[in-house]
Structures are given as C-alpha cells and as structure tokens.
Amino acid sequence: MEQLPLRDIHLPDAVGFWPPAPGWWALALLLPVLALALRQLYKRMRRRSAVKIAGKLLQSMRRQPNGDAKQTVAALSALLRRVAMSTALRRDVASLSGHAWLQYLDRSLPDAPFTQGPGRCLADAHFRPHAPAEAELDAVFELCERWLKQQAKHA
C-alpha cells in the first residue's frame, strides 16, 4: 500500500477584530441609552426628594410659631429658592431677585399669585416698615404649599 502525501495539521487564520459581532453592536448602542436613562432617573429622584423635604420643612415652619414674621418670610423665600435650584438649572434661578424672582415663581402657577397676589411680600417684606400680618403670612404659606405641589407634579 502506498502512503498518501498528507500535510500536517494547519490552524485556521486568527479571528479578526473587525467587524464585531452583533452583540457588541447592541452593547455599543445600549450603553449610552442606559447612561442617559440613569442620569434622568437620578435627576428625577433628586427633584422629588427636594420637593418632599421642602414640604416637610414648610409644614414644620408653619407649625412652629416664630416671633419675627420678616424672618419667616425670608426663610420661606430661601426655601423656595433651594427647591427651585434643585429642580431647575442653577444658572436660571440663582441670580434672580425681586420682581424677576417672583415672575419665575409665577411660571408654575396660572394666576400669577406671586407678582400680583400675596406672594409679593417674598420680595419686599424686608423693606416694609411693618411685618406682614398673620393673615398675610398664612396666605403666603398656602401659596408656597401650592407652588411646591405644582413642582411635585413636574418632578
């Protein structure tokens, strides 16, 4: 019997890097989408927690009798500003003061209660010769609660 001329075992060529398998394409598309979704979820959770905590602080401020109504109004304005900076872009909110601040707060509510209603005292309570009356302070508290509820809907 005659021997067949056999070649030695040969290995296939190395697998190339390109083109990647379909799974790698899917992963390349999925990772940025997942990163954006996680970022949005984080922002939403931060907004909701800011509004929730502000609501609790507002309730504790309302229950706690404070002797100085001007300080209470200043604290309310600071609380609303902190919530606004947590729920919106800082550059849009941080530099606002006076009438511009009240207009920003009015954007969330349909009847402009900050510029034309009881919310005006948030801008000018420091300059008034007399502290806001108890009824006016209660109206401001109710208005702040209403604004926070509106922010909670959008968060």
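## Exercises on a predicted helical model

This is a predicted model. The mean pLDDT of the protein is 89, and 98% of its residues reach 70 or more.

**Exercise 1.** Find where confidence is lowest and where it is highest in the protein.

*Solution.* Start with helix α6, residues 121–124: confidence is lowest there, at a mean of 84. Then turn to helix α1, residues 22–63, where confidence is highest, at 94.

**Exercise 2.** Determine how helix α1 runs relative to α2, and describe their contact.

*Solution.* Step 1: take the two axes, which come within 9 Å and cross at roughly 170 degrees. Step 2: angles over 145 degrees count as roughly antiparallel, so α1 is roughly antiparallel to α2. Step 3: list the residues that make the contact. On α1 they are Arg 46, Arg 47, Ala 50, Val 51, Ala 54, Leu 57, Leu 58 and Met 61. On α2 they are Thr 72, Ala 75, Leu 76, Leu 79, Arg 82, Val 83, Ser 86 and Thr 87. Step 4: sort the residues of this contact by kind, which gives 10 nonpolar, three polar and three charged.

**Exercise 3.** Decide whether Ala 54 is buried or exposed, and find what it touches.

*Solution.* Step 1: locate Ala 54 in helix α1. Step 2: its relative accessible area is 2%. Buried means under 20%, so Ala 54 is buried. Step 3: leaving aside neighbours within four places in sequence, Ala 54 is in contact with Leu 79, Val 83 and Leu 148.

**Exercise 4.** Apply the burial test to Gln 151 and list its contacts.

*Solution.* Step 1: Gln 151 is found in helix α7. Step 2: with a relative accessible area of 11%, Gln 151 is buried. Step 3: not counting residues up to four places away in sequence, Gln 151 touches Val 51, Thr 87 and Ser 108.

**Exercise 5.** Describe the largest nonpolar core, then follow Leu 122 and helix α4.

*Solution.* Step 1: the core has 29 residues, and those touching the most other members are Leu 76, Leu 80, Trp 101, Leu 105, Phe 114, Leu 122 and Trp 147. Step 2: at least two core residues come from each of α1, α2, α4, α6 and α7. Step 3: beyond four places in sequence, the residues touched by Leu 122 include Val 73, Leu 76, Leu 102, Phe 114 and Val 140. Step 4: in α4, the buried residues are Trp 101, Leu 102, Tyr 104, Leu 105 and Asp 106. These buried residues pack against α2, α3, α5, α6 and α7.

Methods: Residues are numbered from 1 along each chain as its sequence is written. This is a predicted model: local features need pLDDT of at least 70, side-chain atom pairs count only at pLDDT 80 or more; totals for chains, interfaces and linings use all residues. Side-chain values use heavy atoms; hydrogens and water are left out. pLDDT is the predictor's confidence in each residue, from 0 to 100. Helices (H or I, at least four residues) and strands (E, at least two) are DSSP runs, numbered from the N terminus. A nonpolar core is a set of buried Ala, Val, Leu, Ile, Met, Phe, Trp, Tyr and Cys residues joined through side-chain atoms within 4.5 Å. Buried means under 20% relative accessible area, exposed over 50%, partly exposed in between (1.4 Å probe, protein chains only). Contact means heavy atoms within 4.5 Å. Axes are lines fitted to C-alpha atoms, for helices over the stretch in contact, and angles run from 0 to 180 degrees between N-to-C directions. Angles under 35 degrees count as roughly parallel, over 145 as roughly antiparallel, 65 to 115 as roughly perpendicular and the rest as oblique. Ala, Val, Leu, Ile, Met, Phe, Trp, Tyr, Cys and Pro count as nonpolar, Asp, Glu, Lys and Arg as charged, and the others, Gly among them, as polar.
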